[in-house]
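Please work through each task before reading its solution.

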Amino acid sequence: TEPKTEAAAALAANGPNVARFAARGAAAPGFPPVRAPLADPNAGASDRLLPVLDALLRLVVGRLRDDDTADYRVVLDQLDAGDARDVKKSFVYLRDRVGVPRDMSFPAALELRRECNRLLALLE
């Protein structure tokens, strides 16, 4: 569908930046603290997760493009409990901060959030 294609294109075009942004979810809060936790300009990123997040985001793009061979378990099965917890935090962080219309249209953001939720369900 068109919104899925838009979400996939936006994610593919900005993959490394999106991975770094998502990695903020597993990092300590920024300093000094801010009153708007969903928009913390001082937040750092958990660099150790970048390769895992990049791989998972590539799979998200594949799933949004209806690639049935894009299987999250290929990556998730390799994670220990701590990394799985941090990946979950990272995808929750990303899902909750997709900006409309800054990042993509509302329908495309819904598709991206839906796919993030599918991945998150596997981490339960």
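The exercises below refer to this predicted model.

**Exercise 1.** Determine how K4 and D66 interact, and which parts of the chain the pair links.

*Solution.* 
Step 1. The side chains of K4 and D66 form a salt bridge, with an N to O distance of 2.6 Å. A salt bridge requires such a distance to be within 4 Å, and a search of the whole structure finds twelve salt bridges.
Step 2. K4 belongs to helix α1 (residues 2-13), whereas D66 sits in the loop between α3 (50-64) and α4 (73-76). The two residues are 62 residues apart, and the pair links distant parts of the chain.
Step 3. K4 has a relative accessible area of 16%; the cut-off for buried is under 20%, so K4 is buried. D66, with a relative accessible area of 47%, is partly exposed.

**Exercise 2.** Classify R85 and D86 as buried, partly exposed or exposed, and identify the network to which they belong.

*Solution.* 
Step 1. The side chains of R85 and D86 meet in a salt bridge at 3.9 Å, N to O.
Step 2. R85 counts as partly exposed, at 48% relative accessibility. D86 has a relative accessibility of 6% and therefore counts as buried.
Step 3. Salt bridges link R85 and D86 in a network with R48 and D83.

**Exercise 3.** Describe how α2 and α5 are oriented, and which residues form their contact.

*Solution.* 
Step 1. The axes of α2 and helix α5 (residues 81-97) come within 8 Å and cross at roughly 110°.
Step 2. Angles of 65 to 115 degrees count as roughly perpendicular; α2 and α5 are therefore roughly perpendicular to each other.
Step 3. From α2, the residues V18, F21 and A22 meet S90, Y93, L94 and R97 of α5. The residues of this contact of α2 with α5 comprise five nonpolar, one polar and one charged.

Technical notes:
Residues are numbered from 1 along each chain as its sequence is written. This is a predicted model: local features need pLDDT of at least 70, side-chain atom pairs count only at pLDDT 80 or more; totals for chains, interfaces and linings use all residues. Side-chain values use heavy atoms; hydrogens and water are left out. Helices (H or I, at least four residues) and strands (E, at least two) are DSSP runs, numbered from the N terminus. Buried means under 20% relative accessible area, exposed over 50%, partly exposed in between (1.4 Å probe, protein chains only). Axes are lines fitted to C-alpha atoms, for helices over the stretch in contact, and angles run from 0 to 180 degrees between N-to-C directions. Angles under 35 degrees count as roughly parallel, over 145 as roughly antiparallel, 65 to 115 as roughly perpendicular and the rest as oblique. Contact means heavy atoms within 4.5 Å. Ala, Val, Leu, Ile, Met, Phe, Trp, Tyr, Cys and Pro count as nonpolar, Asp, Glu, Lys and Arg as charged, and the others, Gly among them, as polar.
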